[in-house]
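Subject: Structure for your files

Hello,

Here is the structure I said I would pass on. My notes on the strands and the aromatic rings follow below.

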Amino acid sequence: TEFPGGDLHSIGKTVYLIGLEQGRPFIYSTPEGTNDWTLLYKANKGKRFRHGNIHIADGKLYYFLMEQKTGSAQPIHLQVIDIPGITNTTAH
């Protein structure tokens with residue numbers, strides 16, 4: 001109940017919650033049918049981002065992120081994250 005907003009992705013028998021908290025990426029996971037969330041990844045320093053788009057394929061999570069700056073054009077960054085349990089599949 002205390003999780004920040006994010007996107008839910010189901011891969012195999014695991015559900016992932018992926019999003020931004022205070023402008024930095026995080027990833028939680030839980031086995032399907034449970035509420036036993038585990039923090040897998042959280043950036044604690046570095047650039048802050050406005051929003052991002054997630055693509056999961058070929059055993060990796062690709063997170064395209066728009067940097068949080070002023071003005072109408074901000075840099076786009078790509079983080080490629082290996083997550084235990086993600087195999088050569090595409091998320092649902």
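Leu17 stands opposite Tyr28 in β3. This is a predicted model, in which local features need pLDDT of at least 70 and side-chain atom pairs count only at pLDDT 80 or more, while totals for chains, interfaces and linings use all residues. Residues are numbered from 1 along each chain as its sequence is written, and side-chain values use heavy atoms, with hydrogens and water left out.

Strands

Strands here are DSSP runs of E with at least two residues, numbered from the N terminus; two of them pair if DSSP finds at least two bridges between them. β2 (residues 14-21) pairs with β1 (residues 7-11) in the antiparallel sense, over five bridges. Ile11 is opposite Thr14 of β2. The β1-β2 hairpin has two residues between its strands, and Gly12 there has a positive phi near 60°.

β2 also pairs with β3 (residues 24-31), again antiparallel, over eight bridges. Two residues lie between the strands in this hairpin as well, with Gln22 at a positive phi near 55°.

Aromatic rings

Rings of Phe, Tyr and Trp (its six-membered ring) pair if their centres lie within 6.5 Å; planes under 30 degrees apart are stacked, over 60 edge-to-face, and the rest tilted. The count is one aromatic pair. Phe26 and Tyr28 form an edge-to-face pair, because their ring centres are 5.6 Å apart and their planes stand at 65°.

Both residues are buried (under 20% relative accessible area with a 1.4 Å probe, protein chains only; exposed is over 50%, partly exposed in between): Phe26 has 0% relative accessibility and Tyr28 has 15%.

Regards

Note on methods. Helices (H or I, at least four residues) and strands (E, at least two) are DSSP runs, numbered from the N terminus.
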